[in-house]
Amino acid sequence: MREFHFVPYRSSFTSPDSHRPTISCDGRIEGTSLELTHWTGNETPDSFYADTSTEMALKFAQHPNDEYKNAYILNNHYDSDGVLSVFACLAPKVALEYASLLQEGAEAGDFGEWSSDNGIKLNYAIESFLEHDEDSAYRTVLKELPGLLQDLSDTGGESYQERWQHGFQEAMDDWKAIQQGKASLKRGPGKMVVVMEPPDHHLSPYALNRGLVHSGLNQGTTRILRCLVSSSDDNNTFRYRYEMPGYAWVKKLVTRQAVPAVVDGAQLVRQLGSDCWKRSGSMIGICDTTRPIETPPEEVASLLHKLDDGCQ
């Protein structure tokens, strides 16, 4: 029987039984027998590779794997793609029964995509179990997942509503803001999409993704400029967030198109003006303004298009 072990990030795994193989799900852990991960530098076999680690684990679950029937299943961080790929290795029959839902939950969690209503709910529910340490969260959520998956499939998640309701409602509200014209998306220069957001409120990544797909702007887009009107003064100033699509941090993709990275983020910030711009700390972020500025969106978009080869 397979057995799960949580290995803290950047730690190694000392196997209680050196004769048992190891499978690293989502994260990378040195010395494992098999990787099922999309992390940069991965050694996942091409036969299992997919855009999310959960899809890889589902592919693995479809094939007889006697060599790994008693493997140690490992991960080094807590998120939906990690949890769901671990679950698919521990309970392959159940995972395959809910394969579409598992994939949608992973896409919502890792890429910020509106994969489905239940996919978003599943991601928020999984996130809600991380209350203390990651190891304890894994132990709890792996026990809860069969019931959670069945409840989402049967009722839309009524029994677990308190775990997903707040986040899902926020995504729904932001989607309604787009539908009502309180936020808008349009093609900017090159491969950029310019997003005009409601005053002092950044759209949920799920609503943004749904808006991109609904308008057909997701195709060929490599850069997104979020423009937030500041309501704190009467001078019509803006805050900006310049980023890539939610999946852009994955370098090797199968069904999505790889997104070129910024050649030199520090230089880009200097060219924009380091007195009001800074590099972003997120996996898909490029740079953000540090304060409201008066430069209108059209000018900022045009300047970024000239400076950033990745959106041309």
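1. The largest nonpolar core has 90 residues, and I23 and L145 touch the most other members. A nonpolar core is a set of buried Ala, Val, Leu, Ile, Met, Phe, Trp, Tyr and Cys residues joined through side-chain atoms within 4.5 Å. Buried means under 20% relative accessible area, with a 1.4 Å probe and protein chains only. Helix 6, residues 134-155, gives the most to this core: eight residues.

2. This is a predicted model: local features need pLDDT of at least 70, side-chain atom pairs count only at pLDDT 80 or more, and totals for chains, interfaces and linings use all residues. Residues are numbered from 1 along each chain as its sequence is written, and side-chain values use heavy atoms, without hydrogens and water.

3. Look at L145. Leaving aside neighbours within four places in sequence, L145 is in contact (heavy atoms within 4.5 Å) with V83, L84, F87 and L122. A second, separate core holds five residues, including V7, I29, Y72 and L74.

4. Now the whole fold. The protein has ten helices and ten strands. These are DSSP runs, numbered from the N terminus: helices are H or I, at least four residues, and strands are E, at least two. The radius of gyration is 21 Å, close to the 20 Å that the globule rule gives for 312 residues, so the protein is as compact as a globular protein of that length. The radius is taken over C-alpha atoms, and the rule is 2.2 Å times the number of residues to the power 0.38.

5. Buried residues make up 52% of the 312. The C-alpha trace spans about 65 × 40 × 35 Å along its principal axes.

Notes: Buried means under 20% relative accessible area, exposed over 50%, partly exposed in between (1.4 Å probe, protein chains only).
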